[in-house]
Amino acid sequence: MSIRLRVSLVTLLVTLVACDPVQSDAVAALGGEAPGVRRGPLHRPGQPCLVCHDGSLGSPEGFSVAGTVFERIDGASGANGVTVLLEDAAGAKKSATTNTAGNFYVLSSQWHPRYPLTVSISPPSGPAITMQSLIGWSGSCATCHTPPVGPDSAGPVAIELEDGGTPP
Amino acid sequence: MSFATRLFALAFAVCAAGCSTPPSDSRYVQTALPNRAEFPPVGQLLALRCGTLDCHGTTFRNLRIYGSAGMRLAATDSPFVPTCDTSNEDDQDYLSVVGLEPETMSAVVNGGDPGMLTMVRKARGSEAHKGGQIWIVGDASDACLTSWLEGHADAAVCATAAASFLPAPTSNPLTQCFVSP
């Protein structure tokens, strides 16, 4: 192998694994794992999943859509067994079910939705709740649904409001 | 003068000419603006389709869109509370739209092609856009925006366009907010 070819390959390799400081900062901002919770489907409920699960080289398996559904809008405990039904702009549908942490995810290898998306959630008991606005491009629920409720957030995704009612 | 000296002098001159400072009074005053009174149906469409919190419903975008289904202007408000866009949000959205490219906006209002505006081209997908193609030339959404820019706003077509982007239209509280044609 010639020196020139070797240099080219090394340059290519360095380029491929080069760090994105913005993405690195976003990952760092999420903090460490919660004590006693291993990396896996139950970890980091309420966090923007696609910050790490973006499918890039060296990252965990990529998700196209993922998030957490909580029992109540205070985000204290995840809602298990909630069916999340997604529909993309082309009418393609995909569903996922939340686990005991309230987390759900759709692998990007399984579904490449065309935005915007609509979404509804169906708890094991009780009526389905439809999100009343579109999802523009972000596959992470927590890009927008962050606590607390305020001018730029509707709060965590929940199946019950603080007053016991359901979201609109 | 040696060749090297000449080359250096030329490089210096080019660098010096490349430096500039803005004139002391270089503000541009828009000569023509689209109609503010006819903006609410347009703003409603933009808020629904463009102003979600993950897109233009954020202060990180040059085109900032406020509205009920996205970012709220008042610190005490939150998405869907109050249900409809406020008049202050309409004001801010209007200023955001007309202030993006003021010179071009004036040219369009004076009869230029709306496609001169970056926001029109991005929505049509003819220019790179993070959100991809939003609508196509001539459909209800495109007609809503361009008819307003051209001075003959069409509230009915705006309402049609906005309704097409409303999830669960029969139960969506935003239905009550639609501006009547």
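This passage describes how helix H2 of chain B packs against helices H6 and H7 of chain B. The model is predicted; local features need pLDDT of at least 70, side-chain atom pairs count only at pLDDT 80 or more, and totals for chains, interfaces and linings use all residues. Residues are numbered from 1 along each chain as its sequence is written, and chains are lettered from A and ligands numbered from 1 in the order in which they are written.

H2(B) spans residues 40-49 and H6(B) residues 140-149. Helices are DSSP runs (H or I, at least four residues), numbered from the N terminus. The two pack at an angle of about 140°, with axes 10 Å apart. Axes are lines fitted to C-alpha atoms over the stretch in contact, and angles run from 0 to 180 degrees between N-to-C directions. The pair is therefore oblique. Angles under 35 degrees count as roughly parallel, over 145 as roughly antiparallel, 65 to 115 as roughly perpendicular and the rest as oblique. The crossing is left-handed (the near helix is turned anticlockwise from the far one by less than a right angle). B:Pro41, B:Val42, B:Leu45 and B:Arg49 of H2(B) touch B:Ser141, B:Cys144, B:Leu145 and B:Trp148 of H6(B). Contact requires C-beta atoms, placed from the backbone, within 7 Å. These residues comprise 6 nonpolar, 1 polar and 1 charged. Ala, Val, Leu, Ile, Met, Phe, Trp, Tyr, Cys and Pro count as nonpolar, Asp, Glu, Lys and Arg as charged, and the others, Gly among them, as polar.

H2(B) also meets H7(B), residues 155-164. Their axes come within 9 Å and cross at roughly 15°. H2(B) is thus roughly parallel to H7(B). This crossing is left-handed. B:Pro41, B:Val42, B:Gln44, B:Leu45 and B:Leu48 in H2(B) face B:Ala155, B:Cys158, B:Ala159, B:Ala161 and B:Ala162 in H7(B). The contact holds 9 nonpolar residues, 1 polar and no charged.

Key: Two residues are in contact if their C-beta atoms, placed from the backbone, lie within 7 Å.
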